[in-house]
Amino acid sequence: MRTRVITAVVALAVFIPLLLIGGVPFNVLVFAMGIVGMSEFLIMKKELIVSVEALLSFIGIAVLLAPGQCAGFLPKNVTTLDAFYFVMLALLIYTVFSKNRISFDDAGVTALGALYAGMGFHLMMQARAQSVWVILYALLIVWITDSGAYLIGRKLGKHKLAPHVSPNKTWEGSIGGSLVSVIVVGLYLVFSPVKFAYSLPIMLLLTVVLSVGGQIGDLIESAFKRHYGVKDSGRILPGHGGILDRFDSLLFVLPLMHLFGLI
């Protein structure tokens with residue numbers, strides 16, 4: 001517990017100031033988290049970090065995370081997603097010359113992992129670029145839902161939510177976490193100095209959807225780990241696991257916010 005608390009304090013001492021500063025310092029941090037997250041995915045999959053397929057996956061996620069001006073050498077009609085696609089085509093080409101060491105299935109899983117982490121962390125940059133209040137909205141949903149679900153589930157939880165993936169989560173905790181999130185985040189929306197895209201009732205409804213989405217993101221990460229037989233995605237955060245462990249919910253919430261026009 002002591003290690004967990006110390007890690008949380010140190011991590012927040014780094015993350016929060018850079019979040020408030022925004023700009024290049026925050027983007028560099030997020031870029032690094034994306035690369036680390038991709039390496040965690042490869043390690044869970046028992047892929048070599050020093051290999052052609054790993055290099056291509058890092059290039060792919062870097063393409064998604066790099067600022068648009070870094071791709072100035074590309075033709076104007078080529079987007080970052082186009083560039084990512086061509087990197088993944090290179091990964092498919094490599095399956096032909098790897099002498100069956102890397103299969104089409106391996107390439108597909110690696111590409112999906114790069115897209116999952118790359119787009120999620122890319123949207124974290126986009127949310128901060130839009131406004132610190134927008135990304136704080138996302139973070140509050142994740143943090144309050146997670147805390148509320150843990151506390152309420154511990155006190156009242158009886159019915160398992162997804163025991164085959166995460167045996168400790170309960171329906172009571174899940175519903176309670178979303179309710180607490182709506183209340184706390186609702187107050188945040190009322191007193192926020194910026195105006196969000198929709199009216200308060202619509203924002204509260206979206207908060208419920210995003211809270212549920214964040215929990216689904218957490219379960220997806222649990223499914224990854226259960227499939228690959230690991231307890232944590234990584235060890236970079238002692239007591240907390242890896243980058244994917246800490247940002248699994250946010251990597252699902254941010255794309256949903258983009259879908260709803262909030263980013």
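Figure 1. Helix H10 spans residues 250–259, and its buried residues are Leu-250, Leu-251, Val-253, Leu-254, Leu-256 and Met-257. Buried stands for under 20% relative accessible area, exposed for over 50%, and partly exposed for values in between (1.4 Å probe, protein chains only). Helices (H or I, at least four residues) and strands (E, at least two) are DSSP runs numbered from the N terminus. An α-helix has 3.6 residues a turn, so residues three or four places apart point the same way. Just after H10, Gly-261 adopts a positive phi of about 80 degrees. Residue numbers count from 1 along each chain as its sequence is written, and side-chain values use heavy atoms, with hydrogens and water left out. As the model is predicted, local features need pLDDT of at least 70 and side-chain atom pairs count only at pLDDT 80 or more, while totals for chains, interfaces and linings use all residues.

**Figure 2. The salt bridge between Lys-225 and Asp-245.** Lys-225 and Asp-245 form a salt bridge in which the closest N and O atoms are 2.8 Å apart. The term covers a side-chain nitrogen of Lys or Arg within 4 Å of a carboxyl oxygen of Asp or Glu. Lys-225 belongs to helix H8 and Asp-245 to helix H9, so the bridge ties together parts that are 20 residues apart in sequence. Both Lys-225 and Asp-245 are buried. The structure holds four salt bridges.

**Figure 3. The salt bridge between Lys-169 and Asp-218.** A further salt bridge joins the side chains of Lys-169 and Asp-218, at 3.0 Å from N to O. Lys-169 sits in strand E2 (residues 166–170) and Asp-218 in helix H8, so this pair ties together parts 49 residues apart in sequence. Lys-169 is partly exposed, with a relative accessible area of 26%. Asp-218 counts as buried because its relative accessibility is 15%.

**Figure 4. The salt bridge between Glu-53 and Arg-101.** The side chains of Glu-53 and Arg-101 meet in a salt bridge of 2.9 Å, N to O. This pair links distant parts of the chain: Glu-53 is in helix H3 (residues 52–65), while Arg-101 is in the loop between helix H4 (80–97) and H5, 48 residues apart. With 2% relative accessibility, Glu-53 counts as buried. Arg-101, at 42% relative accessibility, counts as partly exposed.

**Figure 5. Aromatic pairs, with a view of Tyr-137 and Phe-196.** A search of the whole structure finds eight aromatic pairs. Rings of Phe, Tyr and Trp (its six-membered ring) pair if their centres lie within 6.5 Å; planes under 30 degrees apart count as stacked, over 60 as edge-to-face and the rest as tilted. Tyr-137 and Phe-196 make a tilted pair, with 5.3 Å from centre to centre and 50 degrees between the planes. The pair links distant parts of the chain, with Tyr-137 in helix H6 and Phe-196 in the loop between H7 and H8, 59 residues apart. Tyr-137 is buried, with a relative accessible area of 0%. Phe-196 is also buried, with a relative accessible area of 11%. Elsewhere, ring pairs link Phe-15, Phe-26, Phe-121 and Phe-247 into a cluster.

**Figure 6. A nonpolar patch on the surface.** The patch is formed by Ile-183, Val-184, Leu-187, Val-190, Phe-191 and Leu-200, which together have about 590 Å² of accessible area. Patches are made of residues with over 30% relative accessible area and no salt bridge; like charges are joined within 9 Å and nonpolar side chains (Val, Leu, Ile, Met, Phe, Trp, Tyr) within 5 Å. Areas come from the Shrake-Rupley method with a 1.4 Å probe, and for residues only the protein chains shown count as cover. Helix H7 (residues 171–191) supplies the largest share of the patch, five residues. Phe-191 lies in helix H7, and at 67% relative accessibility Phe-191 counts as exposed.
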